[in-house]
Amino acid sequence: MVRSVIFVALTLILSPLKADNLISDPKFKKVEENWYLRKSKEYKAIKESYKKGVFSFYTPSSSSKTYLALYHQVELEEGASYMFKTEVKADGSGAITYTYGTYGDIFGAKKSNKKGKGGSKESDKGQNLGLMAITSETSSEWKEHICYFTVKAKKSSLNTYMKVLLGEYQGDYAMRNPQLVKVDVVPSGVKKHRGSIEVK
């Protein structure tokens, strides 16, 4: 009896704790409340889809990276480290950029039909908060895109978001299972203000 209790206790201590996913809607079930695809005029004709846990679209051309961007609002802890991981099928070409930073009130702006732009004050300007990782590695098969970063001090008063900047990419794009978890340390070689990305 004592041995079994000790075994159970050791198992609980030594087993890695499952980190909580900070992405509130990883299956894209409540898109209106949790996700926003910002499209500049060049991309207004794009028809995005959120079906069976997959976000997807097709774009025949590319432009500036911020002109087509997927946003998910999340507040992270200053000085803490995180891993963002998602599965991507990108049958096309061009760059995909992962960032964490500030932007205007997207979800409030959607309800009021106004664009979520910041003002002219320093505290209202957009700010990169530790992740600006770029990859041009694309595949017609599902691949994991894994980013590590440490959150910088926030000076802006704007809301904070995980962003996938897609304006420099063209072709078919699909994303599923986005995960954002807190980690104790980041791997060596992760840049202080830009984070890292690995595709595998």
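Buried means under 20% relative accessible area. The views below show a predicted model.

**View 1. T135, a buried residue of strand 7.** T135 has its place in strand 7. Its relative accessible area is 8%, so T135 counts as buried. Beyond its neighbours within four places in sequence, T135 is in contact with G94, A95, I96, H145, I197 and V199. G94 lies 41 residues away in sequence, yet the two C-alpha atoms are 8.4 Å apart. The T135 side chain also reaches the backbone nitrogen of E137, at 3.0 Å.

**View 2. The largest nonpolar core.** This core holds 34 residues. F55, Y98, Y100, F149, Y173, M175 and L180 have the most contacts inside it. Elements giving two or more residues include strand 3 (54–59), strand 6 (96–103), strand 8 (143–150) and strand 10 (169–183). A separate, second core has seven residues, among them A69, Y103, I106 and L165.

**View 3. The surroundings of Y98.** Residues up to four places away in sequence are not counted here.

View 4. Of the 19 lining residues, T102, Y103, G126, Q127 and K163 are the closest to the centre. Strand 6, strand 7 and strand 9 each give two or more residues to the lining. Strand 6 gives the most, with five. By class, the lining has seven nonpolar, eight polar and four charged residues.

Key. Residues numbered from 1 in each chain as written. Predicted model: local features only at pLDDT ≥ 70, side-chain atom pairs only at ≥ 80, totals over all residues. Heavy atoms only, no water. Core = buried A, V, L, I, M, F, W, Y, C linked by side-chain atoms within 4.5 Å. Buried < 20%, exposed > 50% of the residue type's maximum accessible area, 1.4 Å probe, protein only. Helix = DSSP H or I, 4+ residues; strand = E, 2+ residues; numbered from the N terminus. Contact = heavy atoms within 4.5 Å. 1 Å grid on protein atoms, 1.4 Å probe; cavity = no way out; pocket = protein on both sides within 12 Å on 5 of 7 lines; lining within 4 Å. Nonpolar A, V, L, I, M, F, W, Y, C, P; charged D, E, K, R; others polar. Polar contact = N/O pair within 3.5 Å; in protein donor to acceptor, adjacent residues only side chain to side chain.
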